[in-house]
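Below is a short note for a colleague who wants to check the fold and the ligand site by eye. The points are numbered so that each can be taken up separately.

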Amino acid sequence: AGAARDRSDLERVKEALEDDSIIKVVQSAPAMRVTLGEEFGMEPGTIVPGRMASAFRKMGFDRVYDTCFAADLTVMEEGHEFLERMEKGGPFPMFTSCCPAWVFFMEKNYPDLVHHLSSCKSPQQMFGAVVKAYMAEKEGIDPARIFMLSAMPCTAKKFEAARSEMNSSGARDVDAVLTTRELAQLIKDRQLELADLPEEDFDIPFGEYTGAGALFGTSGGVMEAALRTVAKKLTGKPLKSIAFEPLRKGGAFREAVIDIGNKKVKIAVVHGLKNIIPVLEEIRKGNSDYHFIEVMTCPDGCIGGGGQPRIPKRSLRQKTVRKRKEALYFYELGLPKIEAGDNPSIKALYAEFLGRPLSEKSHELLHVVHSGKG
Ligand code: SF4
């Protein structure tokens, strides 16, 4: 797991797969389940998590997990952070922090506003910390013997994994990151044809997730997932409807005022960094009345990420990304649970290890202090 960093992630993954002395763990991002198939000639929006899990096992991974689990965990922490800010009266707006390119943009250009970012690590990094701290402790494994691969829709996740603060386990929490295209390359190198593989489940406990976690793959999904948890906590009632409709439709800047319990929450969902700049300038002047804003760098969020399958023609982009997005919402409809707090494996993680959202242990493993230094 402590391999030199001067080789590509793909080379290091191949080397790890040949090493019988280490435990190979993989997580794969929510957005990849509706995009990986395109690298194998399938239609955009073909839903392939079961075949992807099978491919990971055939390639030699010992534990095949799903980043949707850690997205549920992020929702729990971020939702409670938002509730805490509501109790304390701010600072508002709170920005999501799961897109590393957005976090880097804030650190570089608006260091005076980094306290507006949620302190939550991204799901990728929460996952790495949980595997190398909790799983390692529970199973009596030396974290140095774990190789943690993360399969992601973008290259920004590579520099996020390499950041010095992402080593809660004492070394890198995530050892290597492959983009969707690199993962497809690895599968093809092993002479595996995705369409021919059986549908398999992810491993338990970190392969268990709700619809909230799955939604992280598309713009608006993180906000919707967090609001479900906030609404349930504030009203004390199960959610009647799963969809916060204003967040699902519209362009690169969507906003809404949502009634939750007896509170009005002004939210926005933004993709493309140039679209958030006017809001940041207003915050600097003290003029913003937003409470919570989701920001994703890539158009349409991670389903449109730079490491995703290339779209052959520019004219096909809109249609392709729409199919990916529809597939993700369709996939979510088939999941039995919709709120992150209902995930039994998340409940067990809190009961056995973390205590509660925002506990000391949670802060140690799952949160960062944004330095504003970039
Ligand atoms: Fe990566 Fe783009 Fe998703 Fe941000 S929005 S995490 S840059 S794929």
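1. Strand 6 (residues 253-260) and strand 7 (residues 263-271) run antiparallel and are joined by eight bridges. Strands here are DSSP runs of E of at least two residues and helices are runs of H or I of at least four, numbered from the N terminus; two strands pair if DSSP finds at least two bridges between them. The model is a predicted one, in which local features need pLDDT of at least 70, side-chain atom pairs count only at pLDDT 80 or more, and totals for chains, interfaces and linings use all residues. Residue numbers start from 1 along each chain as its sequence is written.

2. The two strands form a hairpin with two residues between them, and Gly261 in the turn has a positive phi of about 60 degrees. Ile260 stands opposite Lys263.

3. On to the next pairing. Strand 7 pairs with strand 8 (residues 292-296) in the parallel sense over five bridges, where His271 has Met296 as its bridge partner. Strand 7, helix 10 (residues 277-285) and strand 8 make a right-handed β-α-β unit (with the strands pointing away from the viewer, the path from the first strand over the helix to the second runs clockwise).

4. These strands belong to an open sheet of four, in the order 3-8-7-6, with mixed pairing. Its edge strands are strand 3 (94-95) and strand 6, each of which pairs on one side only.

5. Another open sheet has four strands in the order 2-1-4-5, with parallel pairing. Strand 2 (63-66) and strand 5 (176-179) are at the edges with a single partner strand each, so one side of each lacks a neighbour in the sheet. Strand 1 (residues 23-28) is joined to strand 2 by four bridges, and Val26 has Val64 as its bridge partner in strand 2.

6. Helix 3 (residues 67-88) has 22 residues and reaches 31 Å from its first C-alpha to its last, close to the 32 Å expected (1.5 Å times one less than its number of residues). Just after helix 3, Gly89 has a positive phi of about 85 degrees.

7. Which residues surround the ligand? They are Cys99, Ala101, Pro153, Cys154, Ala156, Met296, Thr297, Cys298, Gly301, Cys302 and Gly305, each with its C-beta atom, placed from the backbone, within 6 Å. By class, the shell has eight nonpolar, three polar and no charged residues (Ala, Val, Leu, Ile, Met, Phe, Trp, Tyr, Cys and Pro count as nonpolar, Asp, Glu, Lys and Arg as charged, and the others, Gly among them, as polar).
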